[in-house]
Amino acid sequence: MKSQKKTQAEKIEIVKNYLATEMSYRETAEKYQVSYNNVYSWVKKYRKHRPDGLFDGRAGKNLTAFKQKKRSLKQRSLP
C-alpha cells in the first residue's frame, strides 16, 4: 500500500482514533490508507513518548533547538 507521507498532526489523529475505538491496527490502517506497520509503530511511539514521539527526526526535520545547535557545532569542527 503506497500512501503519502503523514504529518505529525495526521499521525496523532490516527493514533487517537485507534486508541478511542475498538478498531484493530489493520482496520485503522485501512481506514486511513496507511500500512499496518505504520499504525503499530505510531501507537507504540505515542504510548512511550506522547505526541513528541511522532516527530520525523530524519534529515534534520523537526529537530529541537538543542539538537540543531549540536549538529551545527559538529559540522563546523569537521576538517
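Modeller: Helices here are DSSP runs of H or I with at least four residues, strands are runs of E with at least two, and both are numbered from the N terminus. This is a predicted model, in which local features need pLDDT of at least 70 and side-chain atom pairs count only at pLDDT 80 or more, whereas totals for chains, interfaces and linings use all residues. Residues are numbered from 1 along each chain as its sequence is written, and side-chain values use heavy atoms, with hydrogens and water left out.

Biologist: What does the secondary structure of the protein come to?

Modeller: There are 4 helices and 0 strands, and reading along the sequence gives the pattern α-α-α-α.

Biologist: In which helix is Lys 11 found, and is Lys 11 buried or exposed?

Modeller: A residue is buried when its relative accessible area is under 20%, exposed when over 50%, and partly exposed in between, using a 1.4 Å probe and protein chains only. Lys 11 belongs to helix H1, which spans residues 8–20, and with a relative accessible area of 11% it is buried. For the protein as a whole, 23% of the 79 residues count as buried.

Biologist: With which residues is Lys 11 in contact, leaving aside its neighbours within four places in sequence?

Modeller: Contact means heavy atoms within 4.5 Å. With those sequence neighbours left aside, Lys 11 is in contact with Lys 6, Trp 42 and Leu 54. Across the protein, among contacts with a separation of 6 or more, 50% join residues 24 or more positions apart.

Biologist: Which residues of helix H2 are buried, and what covers them?

Modeller: In H2, residues 25–32, the buried residues are Tyr 25, Thr 28, Ala 29 and Tyr 32. Because they cover an arc of only 100 degrees around the axis, taken from the directions from the helix axis to the C-beta atoms, they lie on the same side of H2. Their cover includes H1 and helix H3 (36–49). Just after H2, Gln 33 takes a positive phi of about 55 degrees.

Biologist: At what angle do H2 and H3 pack?

Modeller: Axes are lines fitted to C-alpha atoms, for helices over the stretch in contact, and angles between N-to-C directions run from 0 to 180 degrees. H2 and H3 pack at about 110 degrees, with their axes 8 Å apart. The two helices are therefore roughly perpendicular to each other, a class that takes in 65 to 115 degrees, while angles under 35 count as roughly parallel, over 145 as roughly antiparallel and the rest as oblique. Tyr 25, Arg 26, Thr 28 and Ala 29 of H2 make this contact with Tyr 36, Val 39, Tyr 40, Val 43 and Arg 47 of H3.
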